[in-house]
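Hi,

Here is the model I said I would pass on. Have a look at it first, and my notes follow below.

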Amino acid sequence: MVSPRYPRDLEQVVKFHGHFCGGILLGYRAVKVALERLGTRRAEDEEVVAVVENDSCAVDAVQVLAGCTFGKGNLIFRDYGKHVYTFALRPSGRAVRVSRKPGRHLTPEQVLSARVDELFWVDETTLKLPAPASIQESVTCERCGEPVMATRTRSRAGRTLCIPCASRGANREKRPPFRIPRHARHGAGA
Ligand SMILES: [Zn+2]
Ligand SMILES: [Zn+2]
């Protein structure tokens, strides 16, 4: 449980993350300083893009407070094992890179009350941003029979396959051909 003297937005992060820990505190401080330097608020849509260089607890603070989420496609994960968080604005690419300084272990209270320059290097930078997420056409994998985004298929011996099938072969039976019921044909694509 978070003590009442902790900020309200931190409570939201704890609620989402499931427990209170040093990781979310570090993420909390990193997001706050980055959004402040960028002069922006939480992304409703995809106007802020985050590049995170680890997949620790801290990233959940990024999802909640910056609105950069896995599902919206404006959270980019690079598996570098570093406490580095870069936030960029669309469409300019103007960005702030927040990087954890080396140092002694801090208690949660110390992480919350520390000056920014005791925790992080904060640098202005520019990022080349990927195109906003778009709805992709889907095709059927010719081995497993499951629908797959057309841009994620591989061609093997003239057949169009999903990545798991292309790399090691499906280890489950092929799905039988599926006919979309008549009444559903004009609905939204799956
Ligand atoms: Zn945690
Ligand atoms: Zn497949």
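Contacts first, as I use them a lot: two residues are in contact if their C-beta atoms, placed from the backbone, lie within 7 Å. Helices (H or I, at least four residues) and strands (E, at least two) are DSSP runs, numbered from the N terminus. This is a predicted model, where local features need pLDDT of at least 70 and side-chain atom pairs count only at pLDDT 80 or more, while totals for chains, interfaces and linings use all residues. Residues are numbered from 1 along each chain as its sequence is written, with chains lettered from A and ligands numbered from 1 in the order in which they are written.

Now the helices. On the helix 1 side, Asp9, Gln12, Val13, Phe16 and His17 meet Asp60, Ala61, Val64 and Leu65 of helix 3. By class that contact has five nonpolar, two polar and two charged residues (Ala, Val, Leu, Ile, Met, Phe, Trp, Tyr, Cys and Pro count as nonpolar, Asp, Glu, Lys and Arg as charged, and the others, Gly among them, as polar). Helix 1 (residues 8-17) packs against helix 3 (residues 58-66) at an angle of about 120°, with the axes 9 Å apart. Axes here are lines fitted to C-alpha atoms, for helices over the stretch in contact, and angles run from 0 to 180 degrees between N-to-C directions.

Helix 2 also meets helix 3: their axes come within 7 Å and cross at roughly 40°. That makes helix 2 oblique to helix 3 (under 35 degrees counts as roughly parallel, over 145 as roughly antiparallel, 65 to 115 as roughly perpendicular and the rest as oblique). The residues of helix 2 in this contact include Gly23, Gly27, Val31 and Leu35, and those of helix 3 include Ala58, Val62 and Ala66. By class, this contact has 12 nonpolar, two polar and one charged residues.

Five strands form an open sheet in the order 2-1-3-4-5, with mixed pairing (two strands pair if DSSP finds at least two bridges between them). Strand 2 and strand 5 (120-126) stand at the edges with a single partner strand each, so one side of each is left without a neighbour in the sheet. Neighbouring strands are turned by 20° against each other on average, direction ignored.

Strand 1 pairs with strand 3 (residues 84-89) in the antiparallel sense over five bridges, and Val49 has Ala88 as its bridge partner there. With strand 2 (residues 75-77), strand 1 pairs in the parallel sense over three bridges, and the partner of Val52 is Phe77. Five of the five residues of strand 1 (residues 48-52) are buried, so it is largely enclosed by the rest of the structure. Buried means 20 or more other C-beta atoms within 10 Å of a residue's own, exposed 12 or fewer, and partly exposed in between, with C-beta atoms placed from the backbone.

Further along, seven bridges join strand 4 (residues 94-100) to strand 5 in an antiparallel run, with Arg97 opposite Asp123. Helix 2 (residues 22-38) lies across strand 3, strand 4 and strand 5, at about 150° to strand 4.

Two backbone details to finish. Arg90 and Pro91 are joined by a cis peptide bond, with omega about 0°, and Pro91 lies in the loop between strand 3 and strand 4. Ala157, in the loop between strand 8 (153-156) and strand 9 (159-162), has a positive phi near 50°.

Cheers
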